[in-house]
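The sequence and the model are shown first, and selected features are then described in turn.

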Amino acid sequence: MARASSKKPPDAPPPDPMPAHVDPCLAMLFDKPPKGADWAFEVKWDGYRLAVYIEPNRVRIITRGGYDWTDRFPAIATEARHLNVNTAILDGEAVVLDDKGRSDFGMLQRALGRRPAAREAAEIIFYAFDLLYLDGRDLRRLPQHKRRHLLEPIVAGLAGAIRLSEEVRVDGQEFFRVACSHGLEGIIAKHRSRPYRSGRNDYWRKITCNRRDSFVVVGFEPSEAVPGALGRLLLAARKGDALVYVGGVGTGFTHEMSAELRKLLEGIVTKTPAVSLKRKNAVFTEPLLVAEIEYRAWTDDQKLRHPSFKGVRERADDAKVYSLGE
């Protein structure tokens, strides 16, 4: 239920207009956690970045790329309507947790009803980690610790579709070690005195246990062992305005997922490859899908080392495709 409005004194400043859309702050990749009391740390969630816009007569759930996905997250939208605010913008991540409490991107996709399988949409949780606007005040100019102070009483203690992403102030290296030992993707470090800035900057830093990026699916190789399944997905990165082949991935999907992915890819087969590549068994597809890939490093000839498939999404979801040379 929205909080009761109070009459403002005559000298109160006019309210800030509520932004229709805010581009998210994006964390910059670093090899090690920063040191010092100026930094706070959170778990790096593995899901869809979302902003929840709460207004008196509606709730909108907007993706990182600006798409309105309110109808895909009905439980989050319903719970947002009952938060004790009149107007607000919550920044956070939608996830599905596995049986060990770790976020799993593939499970999230299935909960959204996307191929290759379906799970319950009610399993999706929105972890709020920032507050950009509250009851007539644009909070983006405030330091992170003040925004956090305002966010916590709104969502702290909730255990349903909206929850608070816990923040800790500990030694970053030790927190990173523990996160990796528990099989998490990594951690996020946030500078406590900095304002909210859209785009990628070092106010927020991500430190990952393994590297993880998005690559365009440009084809596949059929499995030689299992009829109707995949052997490998063929992947490409950006290089200028072109796509460049960076290797294939043949691990990370189950037999069922492999078969469903192959059916999906067979529907977008093309005779015009998006990359320059000659492989005997390759089946090329239109570059419409983006695969989330976890990997250890790059080889000297710019191929992925030890890649593992984590999920697939449409390029229309505005997934950030890896660019060689970044």
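## Helix α3 and its surroundings

In this predicted model, the buried residues of helix α3 are Gln144, Arg147, Arg148, Leu151, Ile154 and Val155. Viewed down the axis of α3, these buried residues fall within an arc of 120°, so they line one face of the helix. His149 and Pro153, on the other side of α3, are exposed.

The length of the helix can also be checked. Helix α3 comprises twelve residues, 144-155, and at 1.5 Å a residue it should span 16 Å; its end C-alpha atoms lie 16 Å apart, which agrees. Just after α3, Gly157 adopts a positive phi of about 90°.

The buried residues of α3 pack against several strands: β2 (39-43), β5 (88-95), β6 (125-134), β8 (162-164), β9 (186-191) and β10 (199-208).

## Strand β9

Among the strands that the buried residues of α3 pack against is β9. Six of the six residues of β9 are buried, so the strand is largely enclosed by the rest of the structure. In a regular strand, the side chains alternate between the two faces of the sheet. Both faces of β9 are covered: Gly186, Ile188 and Lys190 are buried on one side, and Ile187, Ala189 and His191 are buried on the other.

Strand β9 pairs with β2, to which it runs antiparallel, through five bridges. Within this pairing, Glu42 stands opposite Ile188 of β9. Strands β9 and β10 likewise pair in the antiparallel sense, over five bridges, and here Gly186 stands opposite Thr208 in β10.

## The disulfide and the cysteines

How many disulfides does the structure hold? The structure holds one, which joins Cys180 to Cys209 with an S to S distance of 2.0 Å. The pair links distant parts of the chain, 29 residues apart: Cys180 belongs to helix α4 (residues 172-181), whereas Cys209 lies in the loop between β10 and β11 (211-222). A disulfide is a covalent bond between the sulfur atoms of two cysteines. The link of Cys180 and Cys209 is left-handed, with -95° about the S-S bond.

| Residue | Relative accessible area | Class |
|---|---|---|
| Cys180 | 28% | partly exposed |
| Cys209 | 25% | partly exposed |
| Cys25 | 1% | buried |

Both Cys180 and Cys209 are therefore partly exposed, because each value lies between the limits of 20% for buried and 50% for exposed. Cys25, at 1%, is buried.

Conventions: Residues are numbered from 1 along each chain as its sequence is written. This is a predicted model: local features need pLDDT of at least 70, side-chain atom pairs count only at pLDDT 80 or more; totals for chains, interfaces and linings use all residues. Side-chain values use heavy atoms; hydrogens and water are left out. Helices (H or I, at least four residues) and strands (E, at least two) are DSSP runs, numbered from the N terminus. The expected span of a helix is 1.5 Å times one less than its number of residues. Buried means under 20% relative accessible area, exposed over 50%, partly exposed in between (1.4 Å probe, protein chains only). The arc is that of the directions from the helix axis to the C-beta atoms. Contact means heavy atoms within 4.5 Å. A disulfide is a pair of cysteine sulfur atoms within 2.5 Å. Two strands pair if DSSP finds at least two bridges between them.
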